[in-house]
Amino acid sequence: MSHTIDPTPLINNPAREAVDPMRGYSYQILRSVEAWLGLGDGEILVLEGAEDLDQIGSGRAVTEQVKNTAGTGTLTLRSANALSAIGHFWTHKLRNPGVELHFRYLTTSGVGQERGEGLTLSVPGIDAWEAIRRAPTAAASLEYAGRIKVHLATCDMLPQSLRDFLAATSVEAFITDLVRPFEWITGQPDISELQGRIEAKLIELGDRKRISAAASAAALAPLYLAAWSNATDHDRSPLRRGDFLRVFEDAGTTKVPGDVLVGLIKQATGHSSGQASVTQGDLVVTRAPRAPKRRLARPELEAAIATAVAAGAAQIHGSTGTGKTMLAAAAVAEIGSVGWIDLRELPPAAALSRLTASVAQVEIRKTKMMIVIDDFDPGDDSRSFLPVLQQLSESLAAYKGGLLVTSAHRLPPRLTRAIGVEEPSIFATPLFDDTEIARYFIAGGCPPGDAENWSKIVHASTSGHPQLVDARLSALQQQNWPAPEITEWIAPTAEMVDVRAEARRMVAALPQEQREMLYRASLVMGRISRKRLIAVGQIAPKIAEPGITIDRLTGPWLEVTDTSDLRASPLLSGVGVATLGLRWSEHMHAAIAWAWLADPALSSGDVAVLLMHAALSKQMGPLVHLLPGLLDAAPEVWQEIGDTAGIFSMFGVDDGYDTPFSTAIDRAVFRILQLRIAAAGRRSEVPGIIRRGLKEADERADGDVAADFFDFQFLWQVMRLGVVTGDIKAAVDIGVRLRRAAERVKAGIALLDADPIIPDIFSNRRRSSP
């Protein structure tokens, strides 16, 4: 049997390590990026020129020496580095007559006081130098300058020509020629703080250019690489602001692979795209969700609910995480045929569509069955739900079936009357008392002698909230049921009584990898397959064993749905962004959207999920890859997409309101999907979408074949859907635009390694009308 031995580093000679020089070079390149960011129009930046970096404009140059020397001592006018810098400045002046030359000495070191004879000042020499620069004619400045001039004239490290100048010149000339153009910038931030400062500046720039915070900050890596490559190239050219903006904006641009573009072109011409297809969503009426691994049964309450449902209709209401779903599942577990309608997090239009479809399924079966409508939220105006609920109730009653509704609040009277729910059939989900908690903990392995104490402690900190109690049980199980300590008896604060605040406190106490998984899961919209959630766990930085971590969290924090998918507890809502911030959230939403593609089986509901993650990350990348197959989807699929993603048909349509997307391709792809969504369900929004789409296309820069093609695809969809047929002038305008867009794509298509059929779409042969 073989054993794997972890490799260990070789024993080295620490004296030969280049850690400090590499740290210095890295700091210098970061500072170069910051200077590059600040270049003005017409200026150039030369790396490794006269000094580490030279910023040169018309008739004026600033040369800068960068030192990451924190921890190696302070800087004084006796320091070798300081004297060397002064000497270099003098040499540069002699080599570049007629140039207004300035010198910056930038260091992470602080300022020190000179010691010994030769330079006696009441303040450190570096501080005195900067005081002279601020007030060159002040009496104190003239006195400081005189003493510094005399000191420097005796320093052998300085060039002889400079010492001769110092010995012969006046104090005023010394100030003018040497002190005022030379700036000491000390106590600069360390490398991590400098990186953060640059990222903040990049985000501010990105905000003006409508590039997301995550993409803007991520641009630092390619900018750093570009600066490093330039500095190490003997034949390098000066860097300009245009070079910076090209790298920066490229980092914030969605890339469209050639195969995806070709697939889109095939789709537009009626050929099969060969891309992943999108199918209709799951059945509207499904099985009840699976029971969790552990649960505190409440036989009397469950029996009462079952009796009420058998009599016709009942309702369970309670706040987030109180166990409504599992209570409903337990109540109907012994009833024959049960159907489940999950409405959690569905917008009203999608919920109404699902309920309408459920009526048809019930009537097709024509048998006795019990229906559970789970997580029903009628919103502020419940009138739109009255007809369908009444029809569903009547269809069930015709075969002696029953209806059970769970919701966060009591249903409005008009709805309870519509489905026949009487007051005795309305049940509130009760919180756990300490006796129930003790019983639950004993069943979970807690020693009976400790169960009473733990039950009182947990009841005090959770107020008996079922999901928080279950999460606490899970944590105590992992700790092998430690004995209660006196500190656990401290009375809970008002914050702890709030269930969400208590949930966040409990998440913070979990092991690091479990915390990270929950932070990520808290961003997921709706349900997610285990395969996809594992892919989310593999987003960098990777969770070592995401499958095992998910298993440990399933139950207290991750709920199992009727399809074995997982869903984060509502108590986790917002915990990730509240803990790790908006920049992390944007980056993670983008990564989650890509992770969603780990499972190629996509339903219409997945499109709404991906669109939401795309909007929150301000990037359309994954949907670009799905677009060929998505546009091939059947009309009934688009009808479901219109129901579940209808809210997106209103994004950025009215004047003064923009989409979340910053790049031309992202906006163009979004407009294509937005048009199709509106055409499937909200046709009144279509004219506004077309107007904004055309306006954005007109404002777009020329020369990008991908952006040109998406313009073409948008116009093609407008013609194909027939949404402007009643307006001859508009139809002609769209046709002319379509032809021009086709010619632009034809001009750029040679850049792609395309299938031979692609050019056919631009031929003059007659085409069938869309």
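Two strands count as paired if DSSP finds at least two bridges between them, and strands (E, at least two residues), like helices (H or I, at least four), are DSSP runs numbered from the N terminus. With that in hand, strand 3, residues 60-67, and strand 4, residues 100-107, run parallel and are joined by eight bridges; within that pairing, Val62 has His102 of strand 4 as its bridge partner.

What you have on screen is a predicted model, in which local features need pLDDT of at least 70 and side-chain atom pairs count only at pLDDT 80 or more, while totals for chains, interfaces and linings use all residues. Residues are numbered from 1 along each chain as its sequence is written, and side-chain values use heavy atoms, with hydrogens and water left out.

Both strands belong to an open sheet of six, in the order 5-4-3-2-1-6 and with mixed pairing. Its edges are strand 5 (182-185) and strand 6 (239-240), each of which pairs on one side only. Across strands 3, 4 and 5 lies helix 2, residues 80-95, which runs at about 160° to strand 4, the angle being taken from 0 to 180 degrees between N-to-C directions of axes fitted to C-alpha atoms, for helices over the stretch in contact.

Let me turn to a helix pair. Helix 18 (residues 448-462) packs against helix 19 (residues 466-478) at an angle of about 130°, their axes 10 Å apart. Helix 18 is therefore oblique to helix 19, since angles under 35 degrees count as roughly parallel, over 145 as roughly antiparallel, 65 to 115 as roughly perpendicular and the rest as oblique. The contact (heavy atoms within 4.5 Å) involves Trp454, Val458 and Thr462 of helix 18, together with Leu468, Val469, Arg472 and Leu476 of helix 19.
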